[in-house]
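Let's take a walk through this one together. Have the viewer open and follow along from stop to stop.

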Amino acid sequence: MKTYQMYVDGKFCDAASGKTFNVFDPATEEVIATCPAGEAADVARAVAAAKRAFYGGWRGTSAQERGRILLRLAERIRARRDELARIETLNSGKPIVESEYDMDDSATCFEYYGGLATKINGEVIQVPANAVVMAVKEPMGVAGQIIPWNYPLAMAAWKLGPALAAGCTVVIKPAEQTPLSLLDLARDFEAIGLPPGVVNVVTGMGPECGGPIVAHPDVRKIAFTGSAEVGKIIMRSAADQLKRVSLELGGKSPNIFFSDADFEAAVDGALFGVFINQGEVCSAGSRVLVQQDIYKRFVDACAAKAKTIKVGPGIERETKMGPLVSAEQRDRVRRYQEIGKREAKVAAGGGAPKGKGWYVEPTIFYDVDNSATIAQEEIFGPVMSVIPFKDEAHALEIANATPYGLAAAVWTRDIFKAFRVVKGLEAGIVWVNHMQPTMLEAPWGGYKMSGFGRELGHWGVEEYLETKQIYINLDEAPIGWY
Ligand code: ADP
Ligand code: MG
């Protein structure tokens with residue numbers, strides 16, 4: 001068992017209280033590490049360090065220098081890919097192949113923002129006055145970042161990359177379930193030239209450690225990815241100081257299959273859309289909408305294939321689905337499986353294997369009514385709800401009948417139909433004939449109760465920038481008003 005420490009002001013340290021919490025391997029249910037249980041006092045120290053680092057130099061660092069640091073961070077992740085992927089899998093449960101992909105994705109994200117750092121520009125604005133008017137971009141200051149447990153290091157990269165490129169300093173809190181990969185990466189922060197205090201990693205529980213980050217008056221902006229429930233708490237707390245917030249919350253994303261879609265590709269896409277990463281994906285295609293004339297065949301084909309998914313320890317290379325992240329999450333998914341059995345019919349799974357590890361079976365419910373609990377609430381596990389539809393209008397009506405609007409996908413060979421449906425969907429990310437590919441260059445975020453603000457691409461950096469208008473008078477004379 002390992003003892004981890006937080007990373008504050010360039011040093012590893014314990015919580016002021018000395019308290020710790022346990023971190024588990026979801027495949028064995030065993031404690032693999034302890035981490036400091038940070039609270040308000042630790043957050044205050046981290047914010048003070050981030051503030052000193054911001055005013056003491058980081059905001060004046062050239063974009064080239066910030067960019068180079070991000071590129072070096074990417075290099076370190078690539079050099080340590082296998083080791084970091086192993087930690088990620090041990091801690092989160094996800095298949096090792098997916099963790100390796102996540103490490104590559106994290107490195108690519110830092111590379112992208114390393115390059116973007118030098119391309120943050122303002123504008124010169126045409127005005128009727130005899131003046132030069134500009135809009136320049138400036139870093140906001142100390143950013144607070146709170147991240148979830150489903151993609152631990154990748155979510156950290158998605159948030160740290162743009163914040164550092166913008167010139168902000170950061171206090172980041174990984175999820176209490178999965179703090180290890182980021183803490184491990186922090187061991188390299190000094191070597192790549194990141195000055196003390198620029199990135200502070202605090203660990204602890206949501207209300208006790210995340211809460212004080214949101215409430216701290218010196219934190220200018222909060223970026224959060226997690227549940228809608230916590231998103232609301234964060235927004236309420238941030239309102240006290242009218243703090244800027246970006247929220248990437250849950251979803252109940254529709255994956256829509258028309259009868260003219262390539263059948264094999266469609267079945268594959270339906271499974272991939274909701275079973276990748278054990279279904280612990282905010283953009284999971286958890287509502288599978290299928291046109292009536294292929295419905296029965298589609299459900300049968302999905303069920304047959306779902307039963308062949310290899311569920312097992314993430315660390316084994318053949319594993320296609322690992323355990324869920326925690327006992328709490330496993331219980332939550334098990335509850336929804338039971339609700340589903342009352343609300344709809346079971347085509348595959350519906351239970352959990354016996355023995356150690358927080359596993360559940362890949363589960364498919366069909367003949368689901370869109371108003372059912374399993375069609376309306378985010379489950380965040382490998383549970384697919386299949387819903388039949390008649391025609392295009394009917395598909396759109398069902399697709400949009402949810403409080404969420406993160407993602408959606410449509411499968412058809414008819415380009416006119418594809419675009420009509422894309423236009424009708426209320427979602428921040430829409431795929432055609434695919435589901436889940438995530439481009440670091442493109443905007444990521446939701447409509448409706450899936451939150452607001454956008455991550456990735458240049459949109460991601462905007463979230464950390466202020467806009468300053470500068471008016472330079474060219475009339476060398478008194479105003480002449482009085
Ligand atoms: P889940 O319920 O699946 O764990 P959450 O939305 O609760 O998802 O957690 C996402 C992140 O938000 C985690 O880092 C967690 O510690 C943090 N968090 C949870 N509750 C709060 C809170 N009240 N204030 C700030 N952060 C919180
Ligand atoms: Mg929670």
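Start at F380, which counts as buried because its relative accessible area is 14%; buried here means under 20% relative accessible area, exposed means over 50%, and partly exposed is in between, with a 1.4 Å probe and protein chains only. Before going on, some ground rules: this is a predicted model, where local features need pLDDT of at least 70, side-chain atom pairs count only at pLDDT 80 or more, and totals for chains, interfaces and linings use all residues. Residues are numbered from 1 along each chain as its sequence is written, chains are lettered from A and ligands numbered from 1 in the order in which they are written, and side-chain values use heavy atoms, with hydrogens and water left out.

Back to F380: look for it in the loop between α12 and β17 (383-389). Helices (H or I, at least four residues) and strands (E, at least two) are DSSP runs, numbered from the N terminus. Most residues other than glycine have a negative phi.

D367 is another such case, a non-glycine residue with a positive phi near 55°. This one is in the loop between β16 and α12 (373-376).

Step over to strand β16 itself, residues 363-366, and you'll find T363. T363 counts as buried because its relative accessibility is 0%. Its side chain has a partner, though: a 2.8 Å polar contact links T363 to the side chain of Q337. A polar contact is a pair of N or O atoms within 3.5 Å; within protein, one must be able to donate a hydrogen and the other to accept it, and residues adjacent in sequence count only if both atoms are side-chain atoms.

Now for the ligand. Ligand 1 sits in the largest pocket. For the record, a pocket is an open set of points on a 1 Å grid over the protein atoms alone, where a 1.4 Å probe fits, with protein on both sides within 12 Å along at least five of seven lines; a molecule sits in one if more than half of its atoms lie within 2 Å of its grid points. The elements that give two or more residues to the shell are α7 (206-215), β11 (219-225) and α8 (228-239), and α7 gives the most, with 4 residues.

How many residues surround ligand 1? There are 18, the closest being I147, W149, K173, E176 and S227, where near means having a heavy atom within 4 Å. Oxygen atoms of the ligand come in at 2.8 Å from a polar backbone atom of I147, and at 2.6 Å from a side-chain N or O atom of E176. Taken alone, ligand 1 exposes 550 Å², and the protein buries 82% of that; these areas come from the Shrake-Rupley method with a 1.4 Å probe.

Last stop, two more residues. L160, in helix α5 (residues 152-166), is buried, with a relative accessible area of 1%. Its C-alpha is 8.2 Å from that of V199, 39 residues apart along the chain. M435, in the loop between β20 (429-432) and β21 (447-448), is also buried, with a relative accessible area of 1%.

Definitions and conventions
1 Å grid on protein atoms, 1.4 Å probe; cavity = no way out; pocket = protein on both sides within 12 Å on 5 of 7 lines; lining within 4 Å.
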